[in-house]
Amino acid sequence: MIYVLQVLTGKEEEVWWELKKRGYKGYVPRQEITQRRSGRITTRKVVYFPSYVFLALKELTDTDYYAMRKVPYVLHFLPREKPEPISKEEAAYIRLLSRPQ
């Protein structure tokens with residue numbers, strides 16, 4: 001099941017790395033964009049869903065919930081009152097967007 005964490009905008013990858021260090025599997029769907037700026041070609045990564053990190057958990061326990069809330073830049077789970085996993089179709093879409101290009 002995949003749960004959604006809302007984080008500060010621009011801090012998605014930092015939160016993802018911190019969760020990975022703590023043993024959790026997460027997704028931050030992003031794409032590499034090649035742009036031409038001021039005559040130079042640059043490549044940068046663009047996050048598809050700014051402010052969101054997707055977590056793959058069998059079940060969200062109280063221990064997991066409070067451990068993730070202590071990670072810097074994490075705001076809350078979605079929905080806010082009672083965190084619920086996203087649907088299977090949405091989870092498949094997130095995994096598809098997250099696979100390496």
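Leu8 counts as partly exposed because its relative accessibility is 38% (buried is under 20% relative accessible area, exposed over 50%, partly exposed in between, with a 1.4 Å probe and protein chains only). The model is predicted: local features need pLDDT of at least 70, side-chain atom pairs count only at pLDDT 80 or more, and totals for chains, interfaces and linings use all residues. Residues are numbered from 1 along each chain as its sequence is written, and side-chain values use heavy atoms, with hydrogens and water left out.

Leu8 sits in the loop between strand S1 (2–7) and helix H1 (12–21). With Tyr73 and Leu75, Leu8 makes a nonpolar patch on the surface. Together the three residues have about 240 Å² of accessible area (Shrake-Rupley, 1.4 Å probe). Patch residues have over 30% relative accessible area and no salt bridge, and nonpolar side chains are joined within 5 Å; a salt bridge is a Lys or Arg side-chain nitrogen within 4 Å of an Asp or Glu carboxyl oxygen.

Lys11 lies over the face of the Tyr73 ring, 4.8 Å from the ring centre (NZ of Lys or CZ of Arg within 6 Å of the centre and within 35 degrees of the normal).

## Overall fold

The protein has three helices and six strands (DSSP runs of at least four and at least two residues). Along the sequence the order is β-α-β-β-β-β-α-β-α. The C-alpha trace spans about 50 × 30 × 25 Å along its principal axes. Of the 101 residues, 32% count as buried.

## Aromatic pairs

Four aromatic pairs occur in the structure (ring centres within 6.5 Å; planes under 30 degrees apart are stacked, over 60 edge-to-face, the rest tilted). One of them joins Trp16 and Trp17: the centres are 4.9 Å apart and the planes at 65 degrees, so this pair is edge-to-face. Trp16 is buried, at 15% relative accessibility. Trp17 is partly exposed, at 46%.

Tyr65 and Tyr66 also pair edge-to-face, because their planes stand at 90 degrees; their centres are 5.0 Å apart. Tyr65 is partly exposed, with 22% relative accessibility. Ring pairs link Tyr65, Tyr66 and Phe77 into a cluster.

The charged end of Arg30 sits over the Trp16 ring, 5.2 Å from its centre.

## Backbone features

Two serines have positive phi. For Ser38, phi is near 50 degrees, a positive value in a residue other than glycine. Ser38 lies in the loop between strand S3 (30–37) and strand S4 (40–47). At 80% relative accessibility, Ser38 is exposed.

For Ser51, phi is about 80 degrees, again positive without the residue being a glycine. The loop that holds Ser51 runs between S4 and strand S5 (52–56). Ser51 is buried, at 11% relative accessibility.

The peptide bond between Leu78 and Pro79 is cis, with omega about -15 degrees. Pro79 is in the loop between strand S6 (74–78) and helix H3 (88–98).

## His76 and Arg80

His76 belongs to strand S6. Its relative accessible area is 11%, so His76 is buried. A polar contact of 3.4 Å links the side chains of His76 and Arg80 (N or O atoms within 3.5 Å, one able to donate a hydrogen and the other to accept it; sequence neighbours count only through side-chain atoms).

Terms used: Patches are made of residues with over 30% relative accessible area and no salt bridge: like charges are joined within 9 Å, nonpolar side chains (Val, Leu, Ile, Met, Phe, Trp, Tyr) within 5 Å. Rings of Phe, Tyr and Trp (its six-membered ring) pair if their centres lie within 6.5 Å; planes under 30 degrees apart count as stacked, over 60 as edge-to-face and the rest as tilted.
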